[in-house]
Amino acid sequence: MKNWNVAVMGATGAVGSRFLSILEERNFPIKSIKLLASKRSKGKSIKFKKRSCEVEELTHDSFKGVELVLSSAGAERSLEYLPSAVKAGCICIDNSSAFRMDENVPLVVPEVNPHAVKRHRGIIANPNCSTIQLVVALWPLHKKAKIKRVVVSTYQSVSGAGGKNISELKEQVSYLQKAKDADLIGKHTVGKSCIKEFPHQIAFNLIPHIDKFLDNAYTKEEMKMVNETRKIMEDDSIGITATAIRVPVYYAHSESVNIETEDKLSRDEAKGILSRAPGVTLIDDPQNFRYPMPLDAEGTDGVFVGRVREDESIPNGLNLWIVSDNLRKGAALNAIQIAELL
Ligand code: A2P
């Protein structure tokens, strides 16, 4: 087996740290590893396979001798630096949105469209976290009964927005725990200084706003789910509408999904298909209070599906509840599975 010279771009970030732990867990064949981040992190030490590795500043010259780049340092950095990596001969698996909808860039979920990897010209895009867990569950149902329409609402954890946002929820929770009643502006409202990354308080709140608003009044996150799902499932005829909500959960995204299919699928048939589907773990035993939840999905590799029900308002409809760790299957794990395909 080939051993790779690997660089991790954004190694100090929420997804970057998962790249490192998952490479280690899966014993990915590595010859050398280079940790890249901003100037701020230069010289910082990070443990990889029990060795201390020094973080280097990302520059256009960072890629000499590197064969595989795993990148998650934001779309701007990907746009600026990945062309240099490709020039240096690297294959880049990019977790940002920068190249996902580029015709020349495959957008890959190994359980759904592994064949697309072969078309790469140096960059392979890793889909949006909410899209990955959605398509892993929808694909086996689509193959059996052809999905015509999807209505999805997400319940996305703060870690999806990055390391600073995890800290922001922690700070807000701690502020509210420490504050005396008299210190609180409202009943459970934090001071303005505790709101930095999110547009509003996230502790004990929900924010129906992820990424920028677009002209059609959807957010960019919502449209990513629409466009990326169609690209990965290679079917532009599927109607998809999404609402993305940020929730005060640290790790794992949840999704309430309604689908309409061309052919009828009963609850039992859908459960049978999902129980055999690659990457899916069916947890659907409501009598015993067993259904997927973010706390159970945190730190695991599965896409957990439960609450499977026939939609009684239409002839061929199903409701599903899908949960997965957004930093693992939703980001780092999927990227490393793509690398394993290579
Ligand atoms: P740094 O920690 O030095 O800022 P997250 O997704 O958790 O917010 O992490 C973002 C990652 O992207 C971090 O590793 C961060 O490094 C990195 N990053 C952010 N800005 C830059 C930049 N200008 N150049 C290189 N890396 C960057």
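Lys196 and Glu171 meet through their side chains in a salt bridge, with N and O 2.7 Å apart. The pair links distant parts of the chain, 25 residues apart: Lys196 stands in the loop between helix H4 (163-178) and H5, and Glu171 in helix H4. The model described here is predicted. In total, the structure holds 14 salt bridges.

**The salt bridge of Glu340 and Arg26**

- Glu340 forms a salt bridge with Arg26, and the closest N and O atoms of the two are 2.8 Å apart.
- Glu340 belongs to helix H8 (residues 328-341), whereas Arg26 is in the loop between helix H1 (14-25) and strand E2 (30-37); the pair therefore ties together parts that are 314 residues apart in sequence.
- Glu340 is partly exposed, with a relative accessible area of 36%.
- Arg26 also counts as partly exposed, at 33% relative accessibility.

**The salt bridge of Glu228 and Arg100**

- A salt bridge of 3.0 Å, N to O, brings together the side chains of Glu228 and Arg100.
- This pair links distant parts of the chain, 128 residues apart: Glu228 lies in helix H5 (residues 220-233), and Arg100 in the loop between strand E6 (91-94) and strand E7 (123-125).
- Both Glu228 and Arg100 are buried.

- With a relative accessible area of 31%, Tyr218 is partly exposed.
- When residues up to four places away in sequence are not counted, Tyr218 touches Lys212, Phe213, Met223, Thr241 and Ala242.
- One of these residues, Thr241, is joined to Tyr218 by a polar contact of 3.1 Å between the side chains.
- Tyr218 and Thr243 are 25 residues apart along the chain, and their C-alpha atoms are separated by 7.8 Å.

**The surroundings of the ligand**

- The ligand is surrounded by 15 residues, of which the closest are Thr12, Ala14, Ser38, Arg40 and Ser41.
- By class, this shell has five nonpolar, eight polar and two charged residues.
- Thr12 places a polar side-chain atom 2.6 Å from an oxygen atom of the ligand.
- For Gly10, a backbone N or O atom lies 3.2 Å from an oxygen atom of the ligand.
- For Gly13, a backbone N or O atom lies 3.1 Å from an oxygen atom of the ligand.
- The ligand exposes 570 Å² when taken alone, and the protein buries 73% of that area.

Notes. Residues are numbered from 1 along each chain as its sequence is written. This is a predicted model: local features need pLDDT of at least 70, side-chain atom pairs count only at pLDDT 80 or more; totals for chains, interfaces and linings use all residues. Side-chain values use heavy atoms; hydrogens and water are left out. A residue is near a molecule or strand if one of its heavy atoms lies within 4 Å of it. A polar contact is a pair of N or O atoms within 3.5 Å; within protein, one must be able to donate a hydrogen and the other to accept it, and residues adjacent in sequence count only if both atoms are side-chain atoms. Accessible areas come from the Shrake-Rupley method with a 1.4 Å probe; for residues, only the protein chains shown count as cover. Ala, Val, Leu, Ile, Met, Phe, Trp, Tyr, Cys and Pro count as nonpolar, Asp, Glu, Lys and Arg as charged, and the others, Gly among them, as polar. A salt bridge is a side-chain nitrogen of Lys or Arg within 4 Å of a carboxyl oxygen of Asp or Glu. Helices (H or I, at least four residues) and strands (E, at least two) are DSSP runs, numbered from the N terminus. Buried means under 20% relative accessible area, exposed over 50%, partly exposed in between (1.4 Å probe, protein chains only). Contact means heavy atoms within 4.5 Å.
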